[in-house]
Amino acid sequence: MRWWQEAVVYGVYVRSFADSDGDGVGDLDGIRSRLGYLELLGVDALWLSSFYRSPMVDHGYDVADPRDVDPLFGDLEAFDALLAEAHRHGIRVVVDLIGNHTSTEHEWFRAALASAPGSPERARYHFRPGRGPGAAEPPTNWRSVFGGPAWTHVPGPEGEPGEWYLHLFSSEQPDLNWTNPEVWADLEKTLRFWADRGVDGFRVDVAHGMAKPETLPDDLRQPGWTPLGDRDNDPRFDDPGVHDVHRLIRNVIDHYPGRMAVGEVLVNDDEAFARYLRRDELHQAFDFRLRNAPFRADDVRAAIDRTLRTFASVGAEPTWTLGNHDAPRAVTRYGGGAVGTARARAMAMVTLALPGSVYLYEGEELGLPDVALPDEVLQDPRWERSGHTDRGRDGARVPMPWDDAPPGHGFSTGDPWLPMPPEYGRLAAASQLEDVSSMLSLYRRALDLRANHPGFTGGSVEWYGAPPGCFAFRRSASTLTCALNASTVPVPLPPGDVLLTSTPLRSGELPPNAAAWLI
Ligand code: GLC
């Protein structure tokens with residue numbers, strides 16, 4: 001068994017985890033100061049969101065230098081110190097690898113703008129002449145994932161029409177041209193740079209992007225599609241050439257024993273998804289099927305079965321996640337308030353009972369909801385680019401509350417970069433640590449059992465009959481059973497001794513919106 005195959009990996013949104021210098025933005029030293037908490041929680045590894053040099057239009061996912069730390073977050077010395085101390089705590093560290101695009105502030109893009117059409121400097125990106133009268137229209141009808149057109153115009157010298165460059169995300173994130181050998185060589189350099197420093201793995205950003213179809217055809221899907229909705233037949237993503245990029249990544253990583261790559265693969269079709277997990281490609285890919293399932297037993301079960309089937313088809317171990325820095329938080333998605341919290345607790349237990357690895361997102365263990373932020377504080381580029389129709393992802397990125405002292409709640413001695421609501425005091429780690437009924441205590445207990453109880457073994461699950469609106473599954477190599485009650489009435493438990501419940505039993509029965517582990 002390789003370390004990642006059963007790991008619990010904790011996603012740290014660096015900007016929002018812990019601020020060591022009082023500027024209101026989280027940083028690497030801040031994370032280092034909280035390693036004791038992460039060890040107590042019981043996670044095996046951290047995935048750090050992008051902390052590379054960046055003008056921060058997309059908070060670090062617009063990278064100006066992939067081999068340096070942005071001064072906002074620290075420096076390389078701070079990174080080395082964090083890595084070494086995490087390892088001393090027995091915690092591994094996975095870092096982001098961003099290969100689909102750079103920042104417009106990257107030296108390559110600056111050189112491209114300073115050079116003529118057709119130059120080698122422009123060939124590292126996708127520059128194209130426009131279409132239509134006066135070449136005034138973008139080269140294709142592609143939309144940016146963040147809203148608006150995926151092309152931005154660069155004026156030519158007097159009297160010339162100029163060119164357009166492609167950006168699947170914001171206009172400050174130009175897409176790299178993966179037919180250019182320099183682009184390949186540079187990604188390899190970045191991989192080696194961080195692997196040589198000792199990181200344990202890479203999270204490959206937009207792993208379904210990078211390669212583009214040679215002819216850049218128009219997007220022929222129905223009008224009215226949402227940028228992240230219909231993922232099949234999307235000419236912007238899942239081009240067959242992307243698999244060569246993953247083979248390159250794997251080839252480099254294979255020189256570093258014990259390291260891994262996990263991809264952000266947003267591909268709907270099961271067979272297409274599984275191709276990313278072939279033996280010479282990614283070790284793992286995030287699976288969002290469970291996260292996307294509504295809180296209904298049939299839907300959750302179908303999502304679990306689909307994931308297990310898809311990963312098994314290529315002999316890969318599944319991954320599970322209920323959230324990350326790009327999606328609404330679980331408590332909110334499941335309805336918010338007491339019901340949303342109860343459901344998120346239940347789903348945490350379902351997720352942690354499954355075979356494979358689990359990716360948590362900071363604050364999930366505190367039961368943080370999304371925060372309804374006022375318009376004027378929103379920072380996600382989605383908000384502007386969508387013409388204020390998509391509020392973006394900031395609600396799930398509000399900093400971690402460590403104690404009950406506003407406004408910084410132990411996150412920062414300054415003003416946090418997004419305002420933290422008063423209810424964060426009650427949800428703070430310090431408020432929950434000693435409370436045995438808290439979400440944090442539930443996560444600690446569940447992670448401890450998952451790591452140390454012999455029942456958590458066996459690569460597949462077997463389903464039992466269960467009352468309507470409920471399910472129960474057993475890990476294939478043990479008697480460990482997980483039961484979920486997503487109905488509206490209490491139900492009897494399946495046979496076995498109760499190990500843990502997400503909500504206290506009611507007259508020996510499992511209440512609605514609850515899960516139980518039995519052995
Ligand atoms: C990934 C990141 C997201 C970022 C995007 C563009 O989806 O998780 O935060 O905005 O890539 O790099």
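Trainee: Which residue in S2 does Val12 stand opposite?
Mentor: This is a predicted model, so every value we discuss is computed from it. Strand S1, residues 8-12, runs parallel to strand S2, residues 45-48, and four bridges join the two. Within that pairing, the residue in S2 that stands opposite Val12 is Leu48.

Trainee: On the other pairing of S1, which residue in S13 is the bridge partner of Gly11?
Mentor: S1 is also joined by four bridges to strand S13, residues 357-361, and these two strands likewise run parallel. In S13, the bridge partner of Gly11 is Tyr361.

Trainee: Which strands stand at the edges of the eight-stranded sheet, each with a single partner strand?
Mentor: The eight strands form an open sheet with parallel pairing, in the order S11-S10-S9-S5-S2-S1-S13-S12. Each edge strand has a single partner strand, so one side of each is left without a neighbour in the sheet; these are S11 (284-285) and S12 (319-321).

Trainee: Where is Leu216 found, and what is its relative accessible area?
Mentor: Leu216 is not a glycine, although it has a positive phi of about 45°. Leu216 is found in the loop between S9 and H6. Leu216 is buried, and its relative accessible area is 7%.

Trainee: Turning to the sheet of three strands, which residue in S8 does Val154 stand opposite?
Mentor: This open sheet has the order S6-S8-S7 with antiparallel pairing. Strands S6 (127-128) and S7 (151-154) stand at its edges, each with a single partner strand, so one side of each is left without a neighbour in the sheet. S7 and strand S8, residues 163-166, pair in the antiparallel sense over four bridges, and the residue in S8 opposite Val154 is Glu163.

Trainee: How far apart in space are Asp415 and Gly22, C-alpha to C-alpha?
Mentor: Asp415 has its place in the loop between helix H12 (381-385) and helix H13 (424-427), and at 60% relative accessibility it counts as exposed. Leaving aside its neighbours within four places in sequence, Asp415 is in contact with Asp23, Gly24 and Pro407. Asp415 and Gly22 are 393 residues apart in sequence, while their C-alpha separation in space is 7.8 Å.

Trainee: What kind of peptide bond joins Pro406 and Pro407, and what is omega?
Mentor: Pro407 lies in the loop between H12 and H13. The bond that joins Pro406 and Pro407 is a cis peptide bond, with omega about 0°.

Trainee: Which residues is Ser441 in contact with, leaving aside its neighbours within four places in sequence?
Mentor: Ser441 lies in helix H15, residues 439-452, and at 15% relative accessibility it counts as buried. Leaving aside those neighbours in sequence, the contacts of Ser441 are Gln432, Leu433, Asp435 and Val436.

Trainee: For the protein chain, what is the radius of gyration?
Mentor: The chain has 15 helices and 18 strands. The globule rule gives 24 Å for 519 residues, and the computed value is close to this, so the chain is as compact as a globular protein of that length, with a radius of gyration of 23 Å.

Note on methods: Residues are numbered from 1 along each chain as its sequence is written. This is a predicted model: local features need pLDDT of at least 70, side-chain atom pairs count only at pLDDT 80 or more; totals for chains, interfaces and linings use all residues. Side-chain values use heavy atoms; hydrogens and water are left out. Two strands pair if DSSP finds at least two bridges between them. The radius of gyration is taken over C-alpha atoms; the globule rule is 2.2 Å times the number of residues to the power 0.38. Buried means under 20% relative accessible area, exposed over 50%, partly exposed in between (1.4 Å probe, protein chains only). Contact means heavy atoms within 4.5 Å.
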